[in-house]
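Q: Hey, can you walk me through one spot in this protein? I'd like to take it residue by residue.

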Amino acid sequence: AQFVESGGGLVQPGGSLKLSCESPGYDRIIWAMAWYRQAPGKQRDWIARIDNGGATNYQDAVKGRFTISRDNGRNSVYLQMNNLNPEDTAVYYCNADSTYYSSLFYSKFWGQGTQVTVSS
């Protein structure tokens, strides 16, 4: 079962998008989840984290502009992205938080991601 991300698209600089990520149907709650992104020619890195208690953490590049949230009791997360700039152009993925889980656990959940392109 893989996560299904949606909500990406083409947006002008300064615009907003909200990404959604639906549960893969895993029958246990994943306590800590994250959004990741991969820009062309770069590795995939986390950008926002949230645990089931609502505690969040962000990379400096998105802090103050992006907000991660989740449905408690479900493995679904969201990413509100405001004041987007061209450096945010990437494929965005959600998954279990790599800080808490090993790749042996979460590697099977990687989905196709959703493309976000910020351009005028």
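Q: Okay, D51: is it buried or exposed, and which side chain of opposite charge is nearest?
A: This is a predicted model, just so you know. In it, D51 is buried, and the nearest side chain of opposite charge belongs to R70, 6.4 Å away.

Q: Why does D51 have no salt bridge, then?
A: A salt bridge needs a side-chain nitrogen of Lys or Arg within 4 Å of a carboxyl oxygen of Asp or Glu, and R70 is 6.4 Å away from D51.

Q: Which backbone nitrogen lies 2.7 Å from a polar atom of the D51 side chain?
A: That's the backbone nitrogen of G53.

Q: And what does D51 touch, leaving out residues up to four places away in sequence?
A: W31, A32 and R70.

Q: Where does D51 sit in the fold?
A: D51 is in strand β5, which covers residues 45–51. Six of the seven residues of β5 are buried, so the strand is largely enclosed by the rest of the structure.

Q: Switching topic: how do β4 and β5 pair?
A: They're antiparallel, with six bridges. β4 takes in residues 32–38, and its A34 stands opposite R49 in β5. The two strands make a hairpin with six residues between them, and G41 in that turn has a positive phi of about 75°.

Q: What about β5 and β6, how many bridges there?
A: Three, again in the antiparallel sense. β6 is residues 56–58, and T56 is the bridge partner of I50.

Q: Which residue takes a positive phi in that hairpin?
A: G54, near 95°. The hairpin of β5 and β6 has four residues between the strands.

Technical notes
Residues are numbered from 1 along each chain as its sequence is written. This is a predicted model: local features need pLDDT of at least 70, side-chain atom pairs count only at pLDDT 80 or more; totals for chains, interfaces and linings use all residues. Side-chain values use heavy atoms; hydrogens and water are left out. Buried means under 20% relative accessible area, exposed over 50%, partly exposed in between (1.4 Å probe, protein chains only). Lys and Arg count as positive and Asp and Glu as negative; His and the chain ends are not counted. A polar contact is a pair of N or O atoms within 3.5 Å; within protein, one must be able to donate a hydrogen and the other to accept it, and residues adjacent in sequence count only if both atoms are side-chain atoms. Contact means heavy atoms within 4.5 Å. Two strands pair if DSSP finds at least two bridges between them.
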